[in-house]
Amino acid sequence: MLTVAWRWLRAALLGPLLLALGACATAPAGPAPRPDGPVVSFWLVTQDAHTGIAVRRADIPPGLWPESRDFPLADYLEVGWGERDYYMGRDQGFWGTLRVALGSNPSVLHVAGIRGPLPGSFPASEIVELSLPAAGYERLIRYIQDAYDRSGAPFVAPLGPGLYGDSRFYPGRESFSLLRTCNVWTAQGLRDAGLPVSDAITLEGLMSQVRRIGKSVQKPPG
């Protein structure tokens with residue numbers, strides 16, 4: 001009976017899902033604008049099928065991103081965004097997977113405090129360096145700050161420990177859906193900061209744009 005149900009679901013849902021994915025495919029990014037003055041660097045770090053944004057903790061503008069104070073010894077903060085149950089390692093099974101794919105679900109931010117150079121903490125990741133003028137970098141930090149669900153409080157406590165090292169999960173304000181994936185979230189943050197990046201559901205869809213406007217720091221093994 002499950003096989004029959006799966007065949008029906010595949011026929012009924014695969015076409016609409018592919019159409020939705022195709023609707024999110026956009027034109028490749030153009031060249032990044034050349035800033036006139038000083039710039040601030042940050043990094044995109046691949047993690048399995050999604051991307052994280054890494055920034056120097058010392059570069060965070062005063063008064064922004066209050067949760068960054070949870071990592072006083074970190075040189076860098078690396079943040080990713082995703083569906084709450086999956087990101088936190090809760091196995092959803094077949095119907096849970098379907099709910100995630102087709103529904104609108106709670107999100108979390110995963111923040112890791114990194115000490116020392118980024119490649120040492122992410123040896124299997126692709127890392128691309130990007131840069132922004134101060135105003136654009138501040139918009140990027142505000143974008144991350146505004147992704148937290150603080151429910152009117154000045155800052156929010158973590159939901160629990162994260163996936164590696166000194167990392168923690170925090171409640172997210174927005175909902176995760178098929179058209180609002182972790183890579184779309186990252187792309188929007190880059191675009192809001194002033195970089196010519198279009199929405200991309202997949203990791204490669206985003207990284208193929210970022211490679212054209214950034215500088216490769218590390219390529220994944222193989």
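Where is arginine 150 found? In this predicted model, where local features need pLDDT of at least 70, side-chain atom pairs count only at pLDDT 80 or more, and totals for chains, interfaces and linings use all residues, arginine 150 is found in the loop between helix H5 (134-145) and strand S6 (160-161). Residues are numbered from 1 along each chain as its sequence is written, and side-chain values use heavy atoms, with hydrogens and water left out. Helices (H or I, at least four residues) and strands (E, at least two) are DSSP runs, numbered from the N terminus.

Arginine 150 is buried, at a relative accessible area of 16%, where buried means under 20% with a 1.4 Å probe, protein chains only.

Let me turn to the aromatic rings. A search of the whole structure finds seven aromatic pairs, counting rings of Phe, Tyr and Trp (its six-membered ring) with centres within 6.5 Å, and calling planes under 30 degrees apart stacked, over 60 edge-to-face and the rest tilted. The ring centres of tryptophan 43 and tyrosine 76 are 5.5 Å apart and the planes stand at 85 degrees, so this pair is edge-to-face. Because tryptophan 43 lies in strand S1 (residues 39-47) and tyrosine 76 in strand S3 (residues 76-83), the pair ties together parts that are 33 residues apart in sequence. Both tryptophan 43 and tyrosine 76 are buried.

Tyrosine 87 and phenylalanine 169 also form an edge-to-face pair, with 5.5 Å centre to centre and 75 degrees between the planes; tyrosine 87 is buried, and so is phenylalanine 169. Finally, ring pairs link Trp81, Tyr143, Phe176 and Trp185 into a cluster.

Definitions and conventions: Buried means under 20% relative accessible area, exposed over 50%, partly exposed in between (1.4 Å probe, protein chains only).
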